[in-house]
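Colleague: I am new to this structure. Could you take me through how to read a few of its features?

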Amino acid sequence: MNHKSEHIESIKNTNLKKAFFYGILASLFFAFTFILNRSMNLSGGYWMWSASLRYIFMLPMLTLIVWKQQGLRPVLKEIQKNPWKWFLWSTVGFGLFYMPLSMASVYGESWFVAATWQITIVAGILLTPLFGTKIPGKNLLWSGIILMGIFILQINHFHHLEIAGMIQAFSLILIAAISYPLGNRKMMLYCPPAFSTVQRVFGMTLCSMPFWLVLSIIATVTRGLPSSGQLCQSFLVALFSGVIATILFFAATNLVRRNQRQLALIEATQAGEVLFTLLGGILFLGDSIPSSSGMIGITVIVVGMIGNSMVTR
């Protein structure tokens, strides 16, 4: 019996390590969202097109992957069983996540959006009571330290932004930060255990498509069609962030789906987006190198992530 328990515990630890690695790797690819969205805004691209094109490009990519894996028909059958749940939580998890996040890129540099987006770490923890689990206090404490590091990181940049712009950006990112983990966790509950991560992402992308088509129609009427440059960069966002990063992150959360404390840890790995976005902004957008307070903030973020990991293990 003890040997069996040790074997089960070993599998759990292996899954946690794998999920943690997937989470960090996902944060690297998610960073492309903030960098490329900011780049599109700087070149005159419309944020509505940046938002809708990502998912419009994602759909054929995911359809091809799921079809090759012979998983297309089961997803369509499952959607037919519970269409309203699929359409509702897919729109929340993808639509109400990415539309406000794209709009927020208008108000500040890529590092600002990426750093403020880390509110989703705390949002994910605070959502745990909705799923029948107590809030993991120690994880919440370490996540608070991560957010403190993010605040320190931003101090020297506050004077560059208008108060009204900061409030608007913060409000938009707050909506996105709550919607993403909420939609993801709800769909984990409704999807059959046999579904792969790719199947779940495909189903959510398909069911959020009415939202994106309406948004693209509005964009066409208000601003016209997107430029070739925006089409190209939106395709890269769809590939790197929409497909690769989303599948990695959903695979990570799926590995620890039955443990809310470990799930909170995996969602906390997305703080790595701040570091990767800062580096990408310096290399590709000409952003300034962080000041001494910025380096302190980065250190606090890393300490918070390590502490979160140690507490969970």
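Colleague: Which side chain meets that of K81 in a salt bridge?

Modeller: A salt bridge is a side-chain nitrogen of Lys or Arg within 4 Å of a carboxyl oxygen of Asp or Glu. Here the partner of K81 is E78, at 3.8 Å, N to O. By this rule the count comes to one salt bridge. This is a predicted model, where local features need pLDDT of at least 70, side-chain atom pairs count only at pLDDT 80 or more, and totals for chains, interfaces and linings use all residues. Residues are numbered from 1 along each chain as its sequence is written, and side-chain values use heavy atoms, with hydrogens and water left out.

Colleague: How many residues apart are K81 and E78 in helix α3?

Modeller: Helices are DSSP runs (H or I, at least four residues), numbered from the N terminus. K81 and E78 are three residues apart in α3 (residues 72-81), so about one helical turn separates them.

Colleague: Is E78 buried or exposed?

Modeller: Buried means under 20% relative accessible area, exposed over 50%, partly exposed in between (1.4 Å probe, protein chains only). E78 is buried, at 11% relative accessibility, whereas K81 is exposed, at 61%.

Colleague: What does rolling a probe over the atoms show?

Modeller: A probe the size of a water molecule shows where empty space is left.

Technical notes. Helix = DSSP H or I, 4+ residues; strand = E, 2+ residues; numbered from the N terminus.
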